[in-house]
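Dear colleague,

Please find below the structure that I promised to pass on to you. My notes on it follow directly after it.

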Amino acid sequence: MNTTALETTPQAGYCQLASVARLPKRADFLRVAAKKRRWAAPGLVLQVAPRPDDVQLAEGNVRVGFTATRKVGNAVKRNRSRRRLRAAVDRVMTRSARVDCDYVVIVRAATAQRPFAKLVSDLEIALKKCDAFAPGQEGKAE
RNA sequence: CCAGGCGGUCGGAUGGCCGCGCGCGGGCAAUGGGGAAACCCGUCCGCGUGAGGAAAGUCCGGGCUCCACGGAAGUACGGUGCCGGUUAACGGCCGGCGGGGGCGACCCCAGGGAAAGUGCCACAGAAAGCAAACCGCCUGCCCGUUUCGGCGUGUGCAGGUAAGGGUGAAAGGGUGCGGUAAGAGCGCACCGCACCCCCGGCGACGGGGGUGGCAGGGCAAACCCCACCGGGAGCAAGACCGAAUAGGGGCUGCAUAUGGCGCACUUCCGCGCCGUAGCCCGGGUAGGUCGCGUGAGGCGCUCGGCAACGGGCGUCCCAGAUGAAUGGCCAUCUCCAGUCGUCACUUCGGUGACGGAGGGGACAGAACCCGGCUUACAGACCGCCUGGCGCU
RNA sequence: UGGGGCGUAGCCAAGUGGUAAGGCAUCGGGUUUUGAUCCCGUGAUCGCAGGUUCGAACCCUGCCGCCCCAG
């Protein structure tokens, strides 16, 4: 990992990083899935849809939801997979995701066992394929 | 030391970077939402705290909430079933009884009724249920033969017989002696069984004595009978707040058609409604708040009890999420099996020590709470007990 | 959370106390010059584990997997 981009949080005055909010409602999941903008990587599936205009978020934030179906394992496997994806999302999407969209990340069977670096690259590729990649503009939320 | 039985405890450790939920305290110049403001949401900082022994399966029992209900009994349905205890309750647990297994520590099983009734017992077998004669065995007659005492290789007839053979899971007590034509509880002894009496025990039951020659096959996890228990639903219970849209009601204003409906009917007249605008009201959806953690609570000591368990005292506050927090990545240590190398021992099968690189560390995630049951589980530790071997 | 159903050969399945039917598919053989058709043969931990019974796919108990319904 040459990117020592883990520069600890800049002082909270200005230039604050985008943060990730959760997408908690079933209706939002259905709306994102209905847009049919998606990409399946070995470790995850990404779905993207434009955020409705009437949703006001703090500037630079994106909303992400997670889905883990019962087919990928028992509750422990589902929880662990979702947490690893959440960690990958925190690392990637705060810098590289378009801020005018909502996202849904779906757990696949391989998610729990896949190396974490691969999960990160899976997510980056999926963002590019879904035309939602905003190349590393730290905090340049516009 | 080896093999085994029972009970219990634990469920990797430490650290680094980055994060999450909840609680408490503090900050917020500017920016986002609300507010007249204080301030709230939000955001930032600090501190505290944050999964299990099964949180699981949802198989039982309760608390709690709502609904139903005059009492009691009965019926139906479902469940439970040796006895006594324990408990809020249980189908749980503890102790005991009976049967079975094991050298033993110990483990496993289960209500009663088949003499209230119905039903089933395939195949085989003579016969499978008011017992029954296939082969045998025995007696008599007949037949044959005869040395006239008998004898039987007879396809015969009439009887006796449940000891033997054979079938079956099961064939109407077992073993032995006597007895008999052969046999048979026919008689006797012991065992089993049934009934009666006595003794011990709260009881299941056990012990002893007597009587009876033995009746009443098995299956009730087949229907069933008997006793006891059970109102229903479940925190998505339930309570409160409540947007947009549609619909309902009220008040006021306007309009009121040549129309429709109503005021019992017909004509005329009159009134009201069906229209629309504004304001207000209630039901209710999305959504939100509460329910929501001081409890049949944990730990320690002590007393009663064989125990389950109960009493007393002290002490602690110990998760509250809701597309669902309790994590992600890494390092070191630790444990495990295999592999490679070196060394030592060797009964040449291996065993042990050290080191190296990699691998693995289970089952599993609170969802209102509690008592159990069942199932899953890498590995480690502790205590008691049994059998065997060796030494003293 | 509550309720219901299913599991039998590779597939579809009958059987509900007494040797586990049948069809399709597979394989082997026959018929045919060859192939199709047709005929004969071939295969089962009855989801798993205990129990009741002389005997269990069937009855009882506990698990496992799948499907459906209601809120």
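Helix α3 covers residues 116–129, 14 residues in all, and spans 20 Å from its first C-alpha to its last, close to the 20 Å expected at 1.5 Å a residue. Please keep in mind that this is a predicted model. Within α3, the buried residues are L119, D122, L123, A126 and L127. They lie on the same side of the helix, because the arc they cover around the axis is only 130 degrees. In general, an α-helix has 3.6 residues a turn, so residues three or four places apart point the same way.

What do these buried residues of α3 pack against? Their partners are the strands β2 (37–41) and β3 (44–50) and the helix α2 (75–96). For L123, the contacts beyond its neighbours within four places in sequence are L44, A88, V89 and V92. Just after the helix, D131 adopts a positive phi of about 60 degrees.

The sheet comes next. Five strands make up an open sheet with mixed pairing, in the order β1-β4-β5-β3-β2. At its edges are β1 (20–22) and β2, each of which pairs on one side only. On average, neighbouring strands are turned by 25 degrees against each other, direction ignored. Helix α3 packs on this sheet by touching β2 and β3, and its direction makes about 35 degrees with that of β3. The strands β2 and β3 run antiparallel and are joined by five bridges; in one of these pairs, A40 has V45 in β3 as its bridge partner.

The largest nonpolar core has 29 residues, and those touching the most other members are L44, L46, L85, V89, Y103, V105 and L123. At least two residues of this core come from each of β3, β4 (62–67), α2, β5 (101–107) and α3. Strand β5 gives the largest share, with six residues. As a general rule, nonpolar side chains in soluble globular proteins tend to be buried together.

One further residue deserves a remark. K36 is not a glycine, yet it has a positive phi of about 60 degrees. Where is K36 placed? It sits in the loop between α1 (26–34) and β2. Is K36 buried or exposed? K36 counts as exposed, because it has 9 C-beta neighbours inside 10 Å, and a residue is called exposed if that number is 12 or fewer.

Yours sincerely,
A colleague

Definitions and conventions. Residues are numbered from 1 along each chain as its sequence is written. Chains are lettered from A and ligands numbered from 1 in the order in which they are written. This is a predicted model: local features need pLDDT of at least 70, side-chain atom pairs count only at pLDDT 80 or more; totals for chains, interfaces and linings use all residues. Helices (H or I, at least four residues) and strands (E, at least two) are DSSP runs, numbered from the N terminus. The expected span of a helix is 1.5 Å times one less than its number of residues. A residue is buried if 20 or more other C-beta atoms lie within 10 Å of its own, exposed if 12 or fewer, and partly exposed in between; C-beta atoms are placed from the backbone. The arc is that of the directions from the helix axis to the C-beta atoms. Two residues are in contact if their C-beta atoms, placed from the backbone, lie within 7 Å. A nonpolar core is a set of buried Ala, Val, Leu, Ile, Met, Phe, Trp, Tyr and Cys residues joined through C-beta atoms within 7 Å. Two strands pair if DSSP finds at least two bridges between them. Axes are lines fitted to C-alpha atoms, for helices over the stretch in contact, and angles run from 0 to 180 degrees between N-to-C directions.
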